[in-house]
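Here is a short briefing for a first look at this structure. Start with the overall picture, then move to the details.

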Amino acid sequence: MNNFSFQVPTTIHFGEGQIRKLASSLKVYGKNVLLTYGGGSIKRSGLYDTILDELKNDFNIFELGGVEPNPRIETVVKGAEMCRTHDIDVVLAVGGGSTIDCAKGIAAARFYDGNPWDFTSNSRLVTKALPIVTILTIAATGSEMNGGSVLTNLETKEKLSFHSRHVIPKVSILDPTYTYSVPSYQTMAGSADILSHLFENYFNKTPDTMVQDGIAEGLMRTVYHYTPIALKNPEDYGARSNLMWASSMALNGLTGSGKAGIWSCHGIEHELSAYYDITHGIGLAIITPRWLQHILSDKTADKISQFGHRVFDLTLDANRMTTAQETIRIVYETFVSWGVPMTLGEVGIDDSLLEEMAVQAITHKPLNTETYVSLSKDDVHEILKMSLTEMNF
């Protein structure tokens, strides 16, 4: 295990009715609030009216709606300008990871004179940020409890991230009932995203990380157990609460601290959603089993079979390659059973830009040097080509 510093300063208010703590959470920071949200689902669900009712007496609310599923840099720029114009004290992000990621960009850009896209090439440019409070409406990215943000630049066809302690949310309200209205497609995409965060930290070259791996295995079992329950009964509080908390725990540093390296599947998928604006979790579900199949070897079979044994209760065959292959099959077929579209063609992607995206993946991330298994441009291209057709076992 490597040296690390760990701090998660976010105050979590978890459970039904915790919206009652919103006003007191915001009041610490001031009265001028920038309310950011996505496509309007919070209005249809009634959450928007609930928020305004909670804040009607003591706050000045300024709204930035329409945050995109892959939040665009233009929206960040617009939000930062609103913060300057209205002397915003605190950013309130209501929604999922995209809205929260956008809010992080806005909070940091408020104090930056240049183009906030610069943050994606140098996170140290973030030296100050407005405080952020979040109300989570979908279990997926874990952005409500970490300092990461992923932004999209459609002009350059880039989807890149920045990381800063300055943008870790101060307070996050996690009420599982707010996820009852999340459609099945987004529920399965969110669960795939949670799993991918866990996979990416789990499959890592750093030795002696039993604590991190054990936490990850428990969280993965949770996601695999509760996702089909939530898909069958969207208002199952037990399922929604476990998925919501697993999402936060998966990417708040517990499973990644003490480990080094770059994530493989995210590096590949970011090109898919940058070029085609697809749902991030769906892209990860498509890529992940092909990546596992591509990297399967005598060197990786032990770790993959260990994952299958501890998460799927598979028997560790004397030939670990057999258990590893069965593990990959279960990963793939579980996504299929949830209803995830598992080929690129099903999400509108053909083979015309695969090689270009492979080049970009290697350009944007050191996939060829700092991943669990090194990936060249040709490796990425092959994984993308594998994703065009169904897997057969």
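The points below go from the whole chain to a sheet, its helices, an annotated region and one serine.

This is a predicted model. The chain has 14 helices and eight strands. Six of the strands form an open sheet with parallel pairing.

**Whole chain**
- The chain has 393 residues, and a compact globule with that number would have a radius of gyration near 21 Å.
- The chain's own value is 20 Å, which agrees with that expectation.
- The C-alpha trace spans about 65 × 45 × 45 Å along its principal axes.
- Buried residues account for 58% of the chain's 393 residues.
- Of the contacts in the chain with a separation of 6 or more, 78% join residues 24 or more positions apart.

**The six-stranded sheet**
- Read across the sheet, the strand order is β1-β8-β5-β4-β2-β3.
- β1 (11-14) and β3 (60-64) are at the edges. Each has a single partner strand, so one side of each has no neighbour in the sheet.
- From one strand to the next, the twist averages 20°.
- Strand β2 (residues 32-36) and strand β4 (residues 90-95) run parallel and are joined by four bridges.
- In this pair of strands, L34 stands opposite V91 in β4.

**Helices across the sheet**
- Helix α4 (residues 73-85) lies across β2, β3 and β4. Its direction is at about 160° to β3.
- Helix α5 (residues 97-109) lies across β2, β3, β4 and β5 (132-136). Helix α5 runs at about 165° to β4.

**The annotated region**
- An unreviewed UniProt entry annotates residues 187-387 as "domain: Fe-containing alcohol dehydrogenase-like C-terminal".
- Over residues 187-387, the chain is 66% helix and 0% strand.
- The end C-alpha atoms of residues 187-387 are 22 Å apart.

**A closer look at S257**
- S257 is in the loop between α8 (237-250) and α9 (265-276).
- Is S257 buried or exposed? Its relative accessible area is 15%, and buried means under 20%, so S257 counts as buried.
- The S257 side chain reaches the backbone oxygen of G253 at 2.8 Å.
- Which residues does S257 contact, leaving aside neighbours within four places in sequence? They are F4, F6 and Q212.

Terms used: Residues numbered from 1 in each chain as written. Predicted model: local features only at pLDDT ≥ 70, side-chain atom pairs only at ≥ 80, totals over all residues. Heavy atoms only, no water. Pairing = 2+ DSSP bridges. Helix = DSSP H or I, 4+ residues; strand = E, 2+ residues; numbered from the N terminus. Axes fitted to C-alpha atoms, helices over the stretch in contact; angles between N-to-C directions. Contact = heavy atoms within 4.5 Å. UniProt positions renumbered as here; feature names shortened; annotations may be inferred. Buried < 20%, exposed > 50% of the residue type's maximum accessible area, 1.4 Å probe, protein only. Polar contact = N/O pair within 3.5 Å; in protein donor to acceptor, adjacent residues only side chain to side chain. Rg over C-alpha atoms; globule rule 2.2 N^0.38 Å.
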